[in-house]
Amino acid sequence: MPPTQNFLQSFLHTSRTTLVAATKTTNILPIVIGNESADLDSFASSLLYAYLTPTRPQPIPFLAIPRADLSLRPEFLHLFHELSLSPSDILCADDTPSFHSVPPSALHLHLVDHNVPTLPLPGSQVVGIIDHHDDEGHFPSASPRVIEKCGSCSSLVIRTFLAQSQLRKADEQSQIARLALAAVLIDTTDMTQKVTEIDEAVVQTLLGMLPKDWDRKAFYQGVSQAKKDVGSLPLRDLLRKDYKEWAEANVCKIGIASVVMGLKWMCSREENNTVFMNCLKSYAGEKGLDVLGVMTTDGEGDEFHRELLLWGMSDVGKECVQRFENGADDAGLSLGKWGDGELDLVPERKAWTQGNLAMSRKQVAPFLRECARGRNDTNKARAKV
Ligand SMILES: [Mn+2]
């Protein structure tokens, strides 16, 4: 049998060589970058985009996190191992060289898994977008500009580029298929949550690229278990592992951490609820937040559930949390009381169970941002009358 070829690793090594060469010229450098949470979908989307795009030169795929933060993502290390990659093959934001080593004006950005750049790269140009978040309407001339709702951004990257790419070798097909499936299956909890027709079709295509006896369940379980292997992470790391923030009109800064374990589990690891709350408060302080959100997921299949905790840290933050609670029914969140309300500190902090399982941070954050901008304030409007 011929030795297996490691197509992704070769591609990443070539990317690094191209990057090193680019730092010595003034040529345009195309890069592809995922969102700031740097989750598995952002990682897979950026690597798939770079590898499969038909345009030349191919953009260089980066992870938008410092290299040390890879250790917060055990599922990455698991997937690297599955794909015979090593962490050193991956390009991280603080590597030398990285995209920071060229002037931003020389950068052409391809954005995946977000549609507005979050990195401060003044003078850079956004030239391509594939994303599954709310379209914020910028960069109309980007090409491709694919922004559609579906479970995983990786599904959109595959749908956009796979048909035009020529993956002939079985090893190559297998690596690409597993990389994409890792993201799609994790984002859809093994095709049980947030699945759209796009994800369905893509998963069928990807499975067709793998041997008939390939064990999808075992593959999903492996990645999923690794993702939940967070028991040893201190709370601060658990919060920053999958964290995003927004500054609304520069008056209200919102940060939301997504955590793959429930609030009860998070509480139980600290001495008591007060210590847990103090940890949250100090994280919000470190980030300078007006509102801290913690969204949790837990369980699978019928046991799958979501929780949400919001904490207004400043006056504008407290108002925002109030508006959120007042508008939550209309927004379709189906919030319920969490426990006996022991995590609540009325009116500034509230924890809820979230009945609407389809609403992840992707849907909750835009609503919370609207609340920060002062909309959805039905009660206040009524009070004025
Ligand atoms: Mn995503």
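## Polar contacts and salt bridges between the domains

Between domain 1 and domain 2 there are 9 residue pairs in polar contact, with both residues at pLDDT 80 or more; a polar contact is a pair of N or O atoms within 3.5 Å, where within protein one must be able to donate a hydrogen and the other to accept it, and where residues adjacent in sequence count only if both atoms are side-chain atoms. On the side of domain 1 that touches domain 2, α3 (74-82) and α7 (216-227) each supply at least two residues, and α7 gives the largest share, 3 residues. Helices here are DSSP runs (H or I, at least four residues), as are strands (E, at least two), and both are numbered from the N terminus.

The two domains are also linked by 3 salt bridges, each being a side-chain nitrogen of Lys or Arg within 4 Å of a carboxyl oxygen of Asp or Glu. E75 forms a salt bridge with K241, and their closest N and O atoms are 3.1 Å apart.

## Basis of the model

This is a predicted model, in which local features need pLDDT of at least 70 and side-chain atom pairs count only at pLDDT 80 or more, while totals for chains, interfaces and linings use all residues. Residues are numbered from 1 along each chain as its sequence is written, and side-chain values use heavy atoms, with hydrogens and water left out.

## Extent of the two domains

The domain assignment of the protein chain, whose bounds come from an automatic or database assignment, gives domain 1 (7-226) and domain 2 (235-378). Their contact (heavy atoms within 4.5 Å) takes 19 residues from domain 1 and 18 residues from domain 2. The centres of the two domains, taken over C-alpha atoms, are separated by 28 Å.

Together the domains bury about 1,500 Å², of which 44% is on carbon and sulfur atoms; buried area is the accessible area (1.4 Å probe) that two parts lose on being put together, summed over both.

Strand β7 (residues 252-259) is largely enclosed by the rest of the structure, because 6 of its 8 residues are buried. Buried means under 20% relative accessible area, exposed means over 50%, and partly exposed lies in between (1.4 Å probe, protein chains only).

Strands pair if DSSP finds at least two bridges between them. Strand β6 (residues 243-248) runs antiparallel to β7 and is joined to it by 6 bridges, with A247 having K253 in β7 as its bridge partner. These two strands form a hairpin with 3 residues between them, and A249 in the turn has a positive phi of about 50°. Strand β8 (residues 291-298), by contrast, runs parallel to β7, again with 6 bridges, and M295 in β8 is the bridge partner of S258.

## Two buried serines

S154 lies in helix α4 and counts as buried at 0% relative accessibility. Its C-alpha atom is separated by 4.7 Å from that of S45, 109 residues apart along the chain, and the residues S154 touches include D41, A44, L48 and A180.

S165 is placed in the loop between α4 (153-161) and α5 (170-187), and at 17% relative accessibility S165 counts as buried. The side chain of S165 reaches the backbone oxygen of L162 at 2.8 Å.

## Backbone details

Most residues other than glycine have a negative phi, and most peptide bonds are trans. The peptide bond from R56 to P57 is cis, with omega near -5°, and another cis peptide bond, with omega about 5°, joins S143 and P144. S84 has a positive phi near 55° and counts as partly exposed at 48% relative accessibility.

Conventions: Lists of a residue's contacts leave out its neighbours within four places in sequence.
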